[in-house]
Amino acid sequence: CRTLRITICLRRSQGKSAVPTSGLLLATTPIIFSKGDMILRLERPIARTEPTPRMTLPSERRRSVGFLVNRHESWACFLLTFPATDRTAHGYITFRTGGAIFTALLFVMLFGPGIIDLLRVKQGKGQPIRDDGPQTHLLKMGTPTMGGLMILAGVTVSTLLWANLSNPYIWIVLGVTLSYGAIGFYDDYLKVTRRTSSGFSSRIRLGLEIIVAVIATALVMHLGPEDISDVLTIPFFKNLVVDLGPFVVLVGILVITGAGNAVNLTDGLDGLAIVPVMIAAATFGLIAYLIGNVRFAQYLQIHYVAGTGELAIVCGALIGAGLGFLWFNAPPAVIFMGDTGSLALGGALGAIAVATKHEIVLAIIGGLFVLEAVSVIIQVASFKLTGKRVFKMAPIHHHFEQLGWTEPQVVIRFWII
């Protein structure tokens, strides 16, 4: 970052002031000055008594703009802004996102085989297989789990290399991702060591997830623009928002914990969860890039959230690590993601959605995850209330397996969905 001060003087013309000298605010309509590819825009008039500030250009290169008139002198001072561009002090976001994809992919491809061999030795018999599940799954016995460690390592290394580490949104999303990964890792560890398909108490697990979600949501509210920090934005409408006040924290909890557990439920077949996660990450990478760029946000009439453009790098790292993991997880999988990966990836998507104020959009993009979670809710509620099951088996991908679909059919058709 660098500090600069800009003054444009309008001199007297033929004995008259170039601008009225009432000493009051003169302009409320934006005024645009062009100089090459740089747009200088009058955005917020300020009182003439307010001193001309020294402006520090942050990475998003945006500062408030004012228009001053001196009552006694024949000049006007414009305080100008540099709207956001793709380039920051750390380089172009698009280039760094591409670098994050390649770095995460290369890391997982290079170190993946060693991690798989280590997990196979440490786990022995691999992930326990449910006795009440599809019989075809018994053929997967002995396959190691905790493959999410590969993804988390790739995402973390790539993000630390390419992202602007002074951006707090990076640390919030990474914090949620690694925290959920740690919760999932402990759950996987108990399953492997106890040789059971159930880990530690679901209440404790959910409680830990909620604590992480509350902290992340509170930090996002503190960092976000004041006009939308405590509202729920409605997609496809510029000015339609729901003012929730402090209850917006509940939305953050629902989105982050819901996304984490929904992806966890989807991860039941080889390659089923990772491809929809990459699709969602690519979409949110574009969303983060657009809403973190003031010019694009104004042009598209979407809410501008300064600093969130850097989250495109995290999304790129998720895509690259996901592609690398899919190489080993493609049917027949040589390693399972486990709760270590699925819970972390869902938490990451939820945190990005909360940071970019696109919580509802996540439910649309991640429609498959919502479908899987809803199928479990319906199955459990129906059985407790009526003693009958709606599906042959839940989550719903197992229902279609019971109908006779092969595993590749279920996976590819769900990808299409």
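In which loop is Met-146 found? Met-146 is found in the loop between α1 (93-123) and α2 (148-162); helices here are DSSP runs of H or I with at least four residues, and strands are runs of E with at least two, numbered from the N terminus. The model is a predicted one, in which local features need pLDDT of at least 70 and side-chain atom pairs count only at pLDDT 80 or more, while totals for chains, interfaces and linings use all residues. Residues are numbered from 1 along each chain as its sequence is written, and side-chain values use heavy atoms, with hydrogens and water left out.

Met-146 has a phi near 70°, a positive value in a residue other than glycine. Its relative accessible area is 6%, so Met-146 is buried (buried means under 20% relative accessible area, exposed over 50%, and partly exposed in between, with a 1.4 Å probe and protein chains only).

Helix α1 also holds Val-108, which is buried with a relative accessible area of 1%. Val-108 and Val-155 lie 47 residues apart in sequence, and their C-alpha atoms are 9.2 Å apart in space. When neighbours within four places in sequence are left aside, the residues in contact with Val-108 include Met-150, Gly-154, Ala-321 and Phe-325; contact means heavy atoms within 4.5 Å.

One joins Pro-331 and Pro-332, with omega about -10°, and Pro-332 is found in the loop between α8 (311-329) and α9 (338-355). The other runs from Ala-394 to Pro-395, with omega near 0°; Pro-395 is found in the loop between α11 (367-386) and α12 (396-402).

The loop between α9 and α10 (359-365) contains Lys-357. Phi of Lys-357 is near 60°, a positive value in a residue other than glycine, and Lys-357 counts as buried because its relative accessibility is 8%.

The buried residues of α11 include Leu-368, Phe-369, Glu-372 and Ala-373. Among the elements that cover the buried residues of α11 are α5 (248-266), α6 (274-291), α9, α12 and α13 (407-416). Just after α11, Gly-387 takes a positive phi of about 80°.
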